[in-house]
Each structure stands twice: as C-alpha cells, then as structure tokens.
Amino acid sequence: MKKLTAFLLSALVVLSLSVTAFAAPSDNLISENEAKAIALKDAGYEANEVRFLKAKLDFDDGRYEYEIEFRADGNLEYDYSINAVNGKIVEFDRDYDDGRLKYEIEIFFEDKEYTFDIDARDGAILEREAE
C-alpha cells in the first residue's frame, strides 16, 4: 500500500510540474490586442476596415504565438503568426479567394507539413503544398 501511495504521489508531482511547464507565462506575453495591432499595421489597415476571423494564443515550435486572421477588401484574407514574447512577425500569408468558399487544411505526416486548399462547393483541390 505504501508503494502505491508513493507511486501516486510521484505521478501527481510529475503531472503538476508538466502542467506548470506548459502554462503560458502571461506576465511576459504581449496581449491579443497588441498582436492584432501589429498585424494590422503590417498589412496597412485600421481595425474598423477589417473583420477578424481568428485571434488566439498557441504554443507552436517551442514558443508562444498569436494566430491572427482577418479579412479585408472583400475576399482578401490575411494570416499572421506573431511571437507572443517579442511581438515579431513569425509567419505571414495573404490569400485572395476570388469569391470562392474554400477549406484550408494542414496535415502533418512523417515530419512533413502538407497544405491543401479545397473548394467547399465541389471538393476540388485548388492548391497543394508540401514542406
């Protein structure tokens, strides 16, 4: 019984340390609004000129990043990954949908990232990329 109790306590300590290690260091991060402002400034828009589609904090490639997506000028979509510690733009993408509703899908398989744009109407693959 003592061995089981000791094992459970050890597991609990390891689990709590793991959760603490992956918790966001919120006092060292820029805010979501600051990340939005960085993306808007880079794209040359004001907040009232765009419609935000996504703004969330994520842990990616060993760092905290904000994923910011917005649409401007009709069908022009902007995607930004912004380092949540220093506010630098990590990745940027701009797509024009030409009026089509499409799905953007990312698949990770055997250390490669595959990206597909698929027409939502008929399922046709519009674009594909492997990194």
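Student: Is Asp111 buried or exposed?
Tutor: Happy to start there! This is a predicted model, where local features need pLDDT of at least 70, side-chain atom pairs count only at pLDDT 80 or more, and totals for chains, interfaces and linings use all residues. Residues are numbered from 1 along each chain as its sequence is written, and side-chain values use heavy atoms, with hydrogens and water left out. Buried means under 20% relative accessible area, exposed over 50%, and partly exposed in between (1.4 Å probe, protein chains only); with a relative accessible area of 85%, Asp111 is exposed.

Student: Where does Glu110 lie?
Tutor: Strands are DSSP runs of E with at least two residues, numbered from the N terminus. Glu110 is found in the loop between strand 5 (102-109) and strand 6 (112-119).

Student: What is the phi of Glu110?
Tutor: Most residues other than glycine have a negative phi. Glu110 is not a glycine, yet its phi is positive, near 45 degrees.

Student: How are the rings of Phe52 and Phe70 arranged as an aromatic pair?
Tutor: Rings of Phe, Tyr and Trp (its six-membered ring) pair if their centres lie within 6.5 Å; planes under 30 degrees apart count as stacked, over 60 as edge-to-face and the rest as tilted. By this rule there are eight aromatic pairs. Phe52 and Phe70 are 5.7 Å apart centre to centre, with 65 degrees between the planes, so the pair is edge-to-face.

Student: Which parts does this pair of Phe52 and Phe70 tie together?
Tutor: The two residues are 18 apart in sequence. Phe52 lies in strand 1 (residues 50-60) and Phe70 in strand 2 (residues 63-72), so the parts tied together are strand 1 and strand 2.

Key:
Helix = DSSP H or I, 4+ residues; strand = E, 2+ residues; numbered from the N terminus.
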